[in-house]
Amino acid sequence: MTAAALFQSILASLPEIVVVAGACILLILGQFVRKGQEHFLVWASVAIVLMAAFGTLMLSGEVRPAYSGMFIADRFAVFFKVVFYLATVLTFLLSQKYAEIEGIGSSEYYVLLLFALSGMMTMASATDLLSIYVGLELMALCTYVLTGFLRQQPRSNEAALKYVILGGVSTGIFLYGVSLIYGLTGTTQLDGMAAAVTGDPLDPGMLLAVVFIVAGLVFKVGAVPFHMWVPDVYEGAPTTITAFMSVGPKAAGFAVILRVFLNPLVAASDAWIIVAVIAVVTMALGSFVALVQDNFKRLLAYSSITHAGFAMFGVVAGGADGVASVMLYLLIYTFMNLGIFGTVIMMRNGDFSGEVIEDYAGFAKPHPGLALLMLLYLFSLAGIPPTAGFFAKFYVLVALVERGFVVLAVIAVLLSAVAAYFYIRIVMVIYMREPQRAFDPALTPFVRATLALTAAGTIGIGLFPAWFLRLAQYSLFGG
Amino acid sequence: MIHPTEYTQTLKKGMPKSLPRGDRITGPEWGRSRASKALGGWPGQCDMAAMEFLPVLFMVAGIVLVAGMTLFVSSLLRPSNPYPAKNMPYECGMDPAGEAAGGRFKVQFFILAILLVVFDVETIFLFPWAVVLKDIGLVGYVEMFVFIMLLLVGFAYAWLKGALEWEA
């Protein structure tokens with residue numbers, strides 16, 4: 001690689017470099033932060049992310065392939081990176097008070113989130129199985145540690161241990177698939193892989209490799225049959241990290257899947273059959289198991305499985321419309337899911353955990369405003385118009401019907417009707433019951449800002465859905 | 001610095017740009033590497049993918065054969081005199097039962113082990129870098145310093161956290 005090519009590559013990956021360098025600096029500086037100065041860490045981390053976001057938007061003008069075809073900075077990646085920035089910044093804002101209450105306010109918490117962010121950004125830009133793997137591992141290792149951050153709680157330790165073992169197995173399987181692909185085709189480039197995989201007849205070694213790689217990615221997305229870790233890990237992890245994991249790494253997994261499906265060869269092949277089966281099973285399992293959950297975090301875990309299933313339907317539809325609908329879905333999901341997690345995190349104050357659904361009984365009486373916000377997020381998650389969640393589902397269904405998958409669209413609608421039940425049950429608990437205790441939500445300015453931003457996103461996209469869909473389509477055709 | 005993709009690109013030069021669909025498995029040309037040529041390179045009608053890995057199978061078979069033969073031949077030659085102390089698992093001078101066997105190690109052992117792995121990996125990376133240093137020029141030279149800087153940040157962090165203090 002010549003110096004000029006290297007310079008171009010550095011320019012293309014400048015946002016990633018900013019995040020990694022910022023995280024390194026914060027890692028060392030964080031050791032000198034005195035007790036009671038933790039808000040400095042929040043501001044510094046937010047500043048790093050904003051700098052990276054600025055760089056990303058500045059560089060979004062043109063497509064920049066980099067590092068000899070292992071990395072690409074295109075508009076598709078920019079769209080996903082914006083989702084990641086959003087998820088990370090909102091997590092930072094939600095974290096400060098929560099970390100103080102739980103006693104986990106150390107600088108490593110923020111540094112690990114930044115490293116996880118850089119891993120996700122690498123995944124969104126990766127065009128080679130090896131760079132995907134590097135991003136995947138960077139993201140996964142950080143989330144393992146963050147899951148176990150509540151060191152005093154056995155539940156958190158158990159979640160981290162489960163996650164690290166299952167995650168290790170899944171990355172091992174993924175890597176095995178990559179090595180098979182390399183052995184069979186002599187390349188690890190996504191394009192080269194797509195050309196070989198869609199060949200006819202498919203030889204068994206290649207099929208095995210594809211199944212392994214899909215398994216590794218589907219694990220990160222949390223779709224059936226690799227969903228086993230989701231409820232336990234989501235329940236045990238600190239709630240802020242659960243919020244982060246349910247949007248960030250999930251979107252990163254989808255970014256890789258979508259980049260593979262953008263390839264015309266894959267889109268024209270029969271790969272959609274596997275994805276359709278995964279989507280139907282995932283949605284069915286998520287919806288039905290969520291019906292019997294009493295723990296709010298566990299319920300949201302199953303809800304996130306359901307949403308992953310629904311987004312998978314968009315992948316099945318394929319084509320520009322299908323992919324754009326998934327991208328819009330992930331953006332909307334980021335807003336509404338971080339919003340509902342924001343309210344759960346806010347309830348954690350003093351001895352009150354706010355994790356059991358019954359804890360919210362009669363919440364609307366003393367706090368009508370906050371209850372209304374929860375209603376908004378829950379309706380959006382259920383997909384009730386005019387919230388953004390409705391349009392997220394609507395465009396996926398439109399893409400499905402346009403491609404002729406009417407049966408799949410009907411299944412998706414029926415299963416989301418099931419899912420609507422458990423969201424509306426919470427609304428009922430909030431509004432219809434008498435309050436049994438005094439509520440004391442931990443409303444810091446940071447949490448207020450997060451709730452305001454997520455509410456604005458949930459309503460705003462609901463009011464102008466076509467504009468945001470065009471944004472997603474624009475980022476698709478530009479890349 | 002030889003990039004993995006550049007390496008694959010040089011590999012690819014031998015093959016046609018687009019893979020002929022139906023011909024991929026029985027195709028006469030592409031994918032045949034030095035390994036299969038060294039074996040005599042069957043012409044045409046055989047599973048190239050399987051042929052590629054045949055030397056690996058030979059190697060595995062060879063390893064199993066040599067190991068089995070060694071054990072078998074030495075069992076014929078050696079005197080057999082087992083006693084309890086000899087049958088005990090070897091544990092670096094420590095009693096295999098007791099404190100060490102209970103799985104209760106000082107946590108510092110683990111921290112040192114992780115630090116060792118970090119610097120092991122660095123060394124593994126440094127050796128090939130030093131060998132091809134002339135070919136990769138100034139860019140490769142600078143790239144290694146970026147890598148070492150990142151490692152040093154981790155090392156400085158470990159130092160600041162007191163990972164190098166034995167008595168915590």
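Let's start with a crossing: α14(A) passes α17(A) in a left-handed way, where left-handed means that the near helix is turned anticlockwise from the far one by less than a right angle, and right-handed means clockwise. By helices I mean DSSP runs of H or I with at least four residues, and by strands runs of E with at least two, numbered from the N terminus.

Before I go on, this is a predicted model, where local features need pLDDT of at least 70 and side-chain atom pairs count only at pLDDT 80 or more, while totals for chains, interfaces and linings use all residues. Residues are numbered from 1 along each chain as its sequence is written, and chains are lettered from A and ligands numbered from 1 in the order in which they are written.

Back to our pair. Helix α14 of chain A covers residues 296-317, helix α17 of chain A covers 388-402, and they pack at an angle of about 30 degrees with their axes 8 Å apart. That makes α14(A) roughly parallel to α17(A). The cut-offs are under 35 degrees for roughly parallel, over 145 for roughly antiparallel, 65 to 115 for roughly perpendicular, and oblique for the rest. The axes are lines fitted to C-alpha atoms, for helices over the stretch in contact, and angles run from 0 to 180 degrees between N-to-C directions.

Who meets whom? From α14(A) we have A:F310, A:F313, A:G314 and A:A317, and they meet A:K393, A:V396, A:A399 and A:L400 in α17(A). Contact here means C-beta atoms, placed from the backbone, within 7 Å. The residues divide into six nonpolar, one polar and one charged. Nonpolar covers Ala, Val, Leu, Ile, Met, Phe, Trp, Tyr, Cys and Pro; charged is Asp, Glu, Lys and Arg; the others, Gly among them, are polar.

Also in helix α17 of chain A is A:F390. Buried or partly exposed? It counts as partly exposed, because it has 18 C-beta neighbours inside 10 Å; buried takes 20 or more other C-beta atoms within 10 Å, exposed is 12 or fewer, and partly exposed is in between. Leaving aside neighbours within four places in sequence, A:F390 contacts A:G383, A:I384, A:P385 and A:G462.

Next, helix α4 of chain A, residues 75-102. The axes of α4(A) and α15(A) come within 10 Å and cross at roughly 0 degrees. So α4(A) is roughly parallel to α15(A). The residues in that contact include A:F79 and A:V83 of α4(A) and A:M327 and A:L330 of α15(A). By class there are 12 nonpolar, two polar and no charged residues.

With helix α19 of chain A, residues 445-463, α4(A) has axes within 8 Å and an angle of roughly 145 degrees. That crossing is left-handed.

Now the core. The largest nonpolar core has 188 residues, and A:V316 and A:L328 have the most contacts inside it; such a core is a set of buried Ala, Val, Leu, Ile, Met, Phe, Trp, Tyr and Cys residues joined through C-beta atoms within 7 Å. Helix α15 of chain A gives the most to it, with 19 residues. Not counting residues up to four places away, A:V316 touches A:W272, A:V275, A:A276, A:A279, A:F405 and A:L408.

Finally, chain B: seven helices and zero strands. Of its 168 residues, 3% count as buried.

Technical notes. Two residues are in contact if their C-beta atoms, placed from the backbone, lie within 7 Å.
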